[in-house]
Amino acid sequence: MTTLSELRQRLLHRYYVLHLMYGCGYLYVTFKRLRDPNVEFTDAERNAHLALFGFSVWKAFMANTAEELASVLILYTKFFSFCMIYWKHGMGYSVLYLIGWFTLSTLFPQPWYQGPTKIVELSQEDLHTKVKGSKNKKPSSKYWVVMLYANWSLACLNFEAVLAKLSLKYSADHIKFGKLDIDVYGDVAEEYGISRDPASFDLPALLLFRDGALIRRLPELTVSDESPSAARTAKDTITRIGWSKKAATVVQAFHLDKILVEK
């Protein structure tokens with residue numbers, strides 16, 4: 001169970017505070033105007049605000065982590081404010097809002113997970129020595145769960161909290177958790193068939209190693225000797241988009257409960 005002090009540690013970061021204030025600023029001004037009895041929402045404005053509320057509630061149930069929920073709510077409120085400013089005040093003010101949005105995002109990017117974790121940062125050398133081992137040296141742990149990530153990937157940013165929780169629960173002498181930056185170690189991305197294209201759906205990629213050998217991965221990778229057909233490509237894309245990135249999915253796919261009790 002996540003404690004309130006841990007949530008404060010993870011979310012009271014200047015990124016979340018400043019971006020949420022920027023996103024909610026227009027909403028605050030709008031609702032403050034409603035104190036005037038002569039001011040009322042039009043039907044279109046009321047429906048727009050209800051849609052924002054509905055999407056926010058839906059995301060609250062669907063989000064895997066507090067970081068994911070916070071970042072998506074920030075995106076929703078900023079996009080909503082931009083649309084409303086364009087609708088009510090015209091192109092000029094909406095462009096100014098966009099400039100402020102991108103300036104704030106440049107100066108204060110979303111941080112990585114700030115809470116407790118047992119995930120180890122790995123280099124390419126660590127992958128080949130500690131995780132996979134060599135002829136002369138065994139892996140440092142029987143099982144390794146390794147996340148391949150990139151700093152520009154929002155999905156990786158939000159998923160690390162899920163993996164951190166799993167690392168706290170399942171880390172043992174024979175199970176270790178690590179992460180490796182494929183932008184720094186591009187050869188690793190090529191080795192495991194991970195695209196570094198921001199438009200791809202490969203990240204985050206989770207690899208499960210046993211005694212140095214890769215035995216499972218998420219999302220799954222379909223390898224075929226035949227030329228990929230349109231149907232096969234579509235299926236692979238759906239598979240990569242569709243894995244839920246929830247802790248329960250990782251536990252089930254990697255059989256972590258069973259692995260934990262192994263002798």
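Let's begin at Val-120, which has 36% relative accessibility and so counts as partly exposed; here, buried means under 20% relative accessible area, exposed means over 50%, and partly exposed is in between (1.4 Å probe, protein chains only). Before going on, bear in mind that this is a predicted model, where local features need pLDDT of at least 70, side-chain atom pairs count only at pLDDT 80 or more, and totals for chains, interfaces and linings use all residues. Residues are numbered from 1 along each chain as its sequence is written, and side-chain values use heavy atoms, with hydrogens and water left out.

Back to Val-120, then. Which residues does Val-120 touch, leaving aside its neighbours within four places in sequence? The contacts are Phe-177, Gly-178 and Lys-179, where contact means heavy atoms within 4.5 Å. Lys-176 is worth a look too: Val-120 and Lys-176 are 56 residues apart in sequence, yet their C-alpha atoms are 8.2 Å apart in space.

Strand pairing comes next. E1 and E3 pair in the parallel sense over 3 bridges; two strands count as paired if DSSP finds at least two bridges between them. The bridge partner of Val-120 in E3 is Gly-178. E3 also pairs with strand E2 (residues 143-149), again in the parallel sense, this time over 7 bridges. There, Trp-144 has Lys-176 of E3 as its bridge partner. Is E3 itself, residues 175-181, enclosed or open? Of its 7 residues, 6 are buried, so the strand is largely enclosed by the rest of the structure.

E4 (residues 205-210) and E5 (residues 213-218) run antiparallel to each other, paired over 5 bridges. Together E4 and E5 make a hairpin with 2 residues between them, and Asp-211 in the turn has a positive phi of about 55°. Leu-208 stands opposite Arg-216 in E5.

H3 covers residues 43-62, which makes 20 residues, and it reaches 29 Å from its first C-alpha to its last. That is close to the 28 Å expected at 1.5 Å a residue, the expected span being 1.5 Å times one less than the number of residues. Which residues of H3 are buried? They are Glu-45, His-49, Leu-52, Ser-56 and Lys-59. Seen down the axis of H3, these buried residues fall within an arc of 90°, so they line one face of the helix; the arc is that of the directions from the helix axis to the C-beta atoms. As background, an α-helix has 3.6 residues a turn, so residues three or four places apart point the same way. The buried residues of H3 pack against helix H2 (14-33) and helix H4 (66-89). On the face turned away from that buried side, H3 carries the exposed residues Asp-43, Leu-50 and Phe-61.

What does the record say about these parts of the chain? In an unreviewed entry, UniProt lists residues 12-31, 69-87 and 94-113 as "transmembrane region", though such annotations may be inferred rather than shown by experiment. In the model, residues 12-31 are 90% helix and 0% strand, with the end C-alpha atoms 25 Å apart. Residues 69-87 are 100% helix and 0% strand, and there the end C-alpha atoms are 27 Å apart.

Finally, the charged pairs. The structure holds 8 salt bridges, each being a side-chain nitrogen of Lys or Arg within 4 Å of a carboxyl oxygen of Asp or Glu. One of them joins the side chains of Glu-67 and Arg-10 at 2.7 Å, N to O. Glu-67 lies in helix H4 and Arg-10 in helix H1 (residues 4-11), so the pair ties together parts that are 57 residues apart in sequence. Glu-67 has 3% relative accessibility and so counts as buried; Arg-10, at 4%, counts as buried too.

Glu-45 forms one with Lys-88, the closest N and O atoms being 3.1 Å apart. That pair links distant parts of the chain, with Glu-45 in H3 and Lys-88 in H4, 43 residues apart. Glu-45 counts as buried at 3% relative accessibility, whereas Lys-88 counts as partly exposed at 39%. Lys-59 meets Glu-68 in a salt bridge as well (3.1 Å, N to O), and both Lys-59 and Glu-68 are buried. Elsewhere, Glu-121, Glu-160 and Lys-179 are linked in a network of salt bridges.

Key: Helices (H or I, at least four residues) and strands (E, at least two) are DSSP runs, numbered from the N terminus.
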